[in-house]
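Here is a friendly walk through one protein chain, written for someone who likes to know the cut-offs behind each term. Have the viewer open as you read.

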Amino acid sequence: VGLLFFLCCFFAPIFASIPPWATGPALIVVGAMMMRPLAEVDWNDYGQAIPAFVTVALMPLTYSIAYGIIGGLMCYVAINGLDFIVQA
């Protein structure tokens, strides 16, 4: 791990020289690839549909993939946990 970190010291200036506007097309392609699994979501099952929607909606609204995933996981745990408690 230390050796790889040492190698990153040499590549950091190269990656820092890439302008931020040049990463836009790559982000669009990644976003398009992330949309394909949404077709497999069971939209009639609210335990899957609501967390999937929250995840997809929060990512662009918060400009953070991490916040979108956290929001979706929290919704998933809350909805399915509440459903488990009510059924038990």
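This is a predicted model: local features need pLDDT of at least 70, side-chain atom pairs count only at pLDDT 80 or more; totals for chains, interfaces and linings use all residues.

Residues are numbered from 1 along each chain as its sequence is written, and side-chain values use heavy atoms, with hydrogens and water left out.

**Overall fold**

The protein chain has four helices and zero strands, where helices (H or I, at least four residues) and strands (E, at least two) are DSSP runs numbered from the N terminus. Read from the N terminus, the order is α-α-α-α. The radius of gyration is 19 Å, well over the 12 Å that the globule rule gives for 88 residues, so the chain is more spread out than a compact globule. For your own checks, that radius is taken over C-alpha atoms, and the globule rule is 2.2 Å times the number of residues to the power 0.38. The C-alpha trace spans about 55 × 30 × 20 Å along its principal axes.

Of the 88 residues, 15% are buried; buried means under 20% relative accessible area, exposed over 50%, and partly exposed in between (1.4 Å probe, protein chains only).

**The largest pocket**

The largest pocket has a volume of about 380 Å³. Here a pocket is found on a 1 Å grid over the protein atoms alone, as an open set of points where a 1.4 Å probe fits, with protein on both sides within 12 Å along at least five of seven lines; lining residues have an atom within 4 Å of a point. Grid points are joined across faces, edges and corners, and the volume is the space filled by probe spheres set on the points. Of the 14 lining residues, the closest to the centre are Gly31, Met34, Met59, Pro60 and Ile65. Two elements give two or more residues to this lining, α2 (24-35) and α3 (46-62), and α2 supplies the largest share, five residues.

Rings of Phe, Tyr and Trp (its six-membered ring) pair if their centres lie within 6.5 Å; planes under 30 degrees apart count as stacked, over 60 as edge-to-face and the rest as tilted. By this rule there are two aromatic pairs.

**Single residues**

The table sets out the accessibility of a few residues.

| Residue | Relative accessible area | Class |
|---|---|---|
| Phe6 | 49% | partly exposed |
| Phe10 | 54% | exposed |
| Thr55 | 18% | buried |
| Tyr63 | 78% | exposed |
| Gly71 | 12% | buried |
| Asn44 | 72% | exposed |

Which residues does Thr55 contact, leaving aside its neighbours within four places in sequence? Thr55, in helix α3, is in contact with Gly68, Ile69 and Gly72. Gly71 sits in helix α4 and touches Val54 and Leu58, not counting residues up to four places away in sequence. Gly71 and Ala57 are 14 residues apart in sequence, and their C-alpha atoms are 9.6 Å apart in space.

Tyr63 belongs to the loop between α3 and α4 (65-87), and its phi is near 60°, a positive value in a residue other than glycine. Asn44 is found in the loop between α2 and α3. The C-alpha atoms of Asn44 and Ile18 are separated by 44 Å, with the two residues 26 apart along the chain.

Note on methods: Contact means heavy atoms within 4.5 Å.
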